[in-house]
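Good morning, colleagues. Please look at the sequence and the structure first.

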Amino acid sequence: MYLKKLVAVAISAVLLAAVSAGAVDISDRIGKTGKMPGRAPFDSQTYKVVFSVSIADHPVWSEDYRQMALYCESLGNAQAILMGANNDTNTQITQLESLIQSKVDASIVAAVDMNSLDEVLTRARDAGIAVMSFGYEMECVDTMYLVPNYDVGKEIGYAAGAWINERLGGSTEVGVINQPLSKDLIDRVRGIVDALKETAPNAKIVATAKALSVVEGQNVAENFLQRSPGMKVICSIGDGGGIGANEAAKAAGRITDDFGIFCADATNEGIQKIYANEGIRADISLGTSEERAKAMIDVVMNIMNGEEFPLVLYTPKRPINKDNVVQYAKDAGFILQ
C-alpha cells in the first residue's frame, strides 16, 4: 500500500518541471514502472541490501539506515548493511566494486559524485544487483528516489524570508551553507536564493560556504558569525550544516529572539532544536526516516521479487516549525526533550 502511494506521488511529480534538474533527462521515466525477473537471494535465504552513502554518521543517512535495518528485520528475509565512503569518490567506487565480488543483492546509493559511478554501477547491474540512486538523477540505475530540490530550497528560503520580514524589518545579512559538488544540491541553493529575493528582497547574502556534516557546518558558521556581526539568518541545504550552525551560534552567544537558522531534512536532532527554541526556526521534512526507509526497501524488494516498481519516486516536502513540531515529532516517532 505504501508503495502504491509513492507511485502516485511520482506521477504527480510530472508537474514539477523545474525540480532537480540533474545531469540526465529522466522525463521519460517519471510516472512509469518497470519489472524484472524475480530471483532468490544470491548466497543465503536473506536478501542483503547495502546502503552506500558519503558520510556514515550524517544525521539523515544514519537514521535512514537505522530504519532500514528495523524494517528489513521485520520482513524476515532481508538485511540492511551501511557503508560510508568518508565523502571520497574513490573510496565509494572501491566499496561498490567489493559488493559485486561479495554478491550482495541490492545497493541503494547516495553518491559522493554522481558523475563518477556510471561504470561501477553498470557492472553491478550486469551482475544482477538491483541498484537505486538516492537523491541523484542517474542513467545507470534501475530506479531513483529523488528530492524535489529546487522546491525544497524555495521552502527554506520562504521560511527565512518570512522570519526576516516578521522579526528583522525585512532586512538582514544572510549566510548560506551549500554543497556545490552536486548539481541537485546546487538546485536547492538556487531555490533558497530565489525565494529570498522574492520574499525579502532587501536581505543580503554576504557569505556562502560548503558543508554537509555537523562539524563542517559548525566551522563554516563560526567563520560566518565572526566575519559578519550583523548576520541574523543562516540558511543550510541540510540538517548537517544547520545543526552545526546552531552549535556555533550557541557558543558565540548569538541565539536571540530575532536570530534564525533554516534548513532541510527534519532529523530528530534538528526537530529537537526547534522544540527547545534554539537557533533552528524551520526545518523542511523530506518525509520521516521511517517513510523513506520503507519506500526504498519496498522498491528494491519488488525488483528482486519480480514485481512492478516505479522508475522514479519523489520524497514529500513539509515545513516544520514551532507551530507543528509536536505533531511532526509524534508522526516521526521522536521523543521531544
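How many nonpolar, polar and charged residues does the lining of the second largest cavity have, by class? Before I answer, two remarks on the source. This is a predicted model, in which local features need pLDDT of at least 70 and side-chain atom pairs count only at pLDDT 80 or more, while totals for chains, interfaces and linings use all residues. Residues are numbered from 1 along each chain as its sequence is written, and side-chain values use heavy atoms, with hydrogens and water left out.

To the answer: this lining has 3 nonpolar, 5 polar and 3 charged residues. Here Ala, Val, Leu, Ile, Met, Phe, Trp, Tyr, Cys and Pro count as nonpolar, Asp, Glu, Lys and Arg as charged, and the others, Gly among them, as polar. Among the lining residues are Glu63, Asp265, Ala266, Arg292, Tyr328 and Phe334. The space in this second largest cavity is about 40 Å³.

A cavity is a set of points, on a 1 Å grid over the protein atoms alone, where a 1.4 Å probe fits but cannot get out; lining residues have an atom within 4 Å of a point. Volume is the space filled by probe spheres set on the points, which are joined across faces, edges and corners. There are 3 cavities of 30 Å³ or more in the structure.

The largest cavity holds about 410 Å³ of space. Its lining comprises 31 residues, and Trp61, Tyr136, Leu185, Arg188 and Leu212 are the closest to its centre. Helix 2 (59-75), helix 6 (183-199) and helix 8 (239-251) each give two or more residues to that lining; helices are DSSP runs of H or I, at least four residues, numbered from the N terminus. By class, the lining has 14 nonpolar, 11 polar and 6 charged residues.

I turn to the packing. A nonpolar core is a set of buried Ala, Val, Leu, Ile, Met, Phe, Trp, Tyr and Cys residues joined through side-chain atoms within 4.5 Å, where buried means under 20% relative accessible area with a 1.4 Å probe, protein chains only. The largest such core has 80 residues, and Ile108, Leu117, Leu121, Val233 and Cys235 have the most contacts inside it. Helix 10 (residues 289-304) gives the most to this core, with 9 residues. Another core, of 26 residues, lies apart from it and includes Leu225, Phe259, Ala266 and Phe334.

Finally, the cysteines. The whole structure has 0 disulfides, a disulfide being a pair of cysteine sulfur atoms within 2.5 Å. For Cys263, the nearest cysteine sulfur is that of Cys235, 9.1 Å away. Cys263 counts as buried because its relative accessibility is 1%.

Key:
Buried < 20%, exposed > 50% of the residue type's maximum accessible area, 1.4 Å probe, protein only. 1 Å grid on protein atoms, 1.4 Å probe; cavity = no way out; pocket = protein on both sides within 12 Å on 5 of 7 lines; lining within 4 Å.
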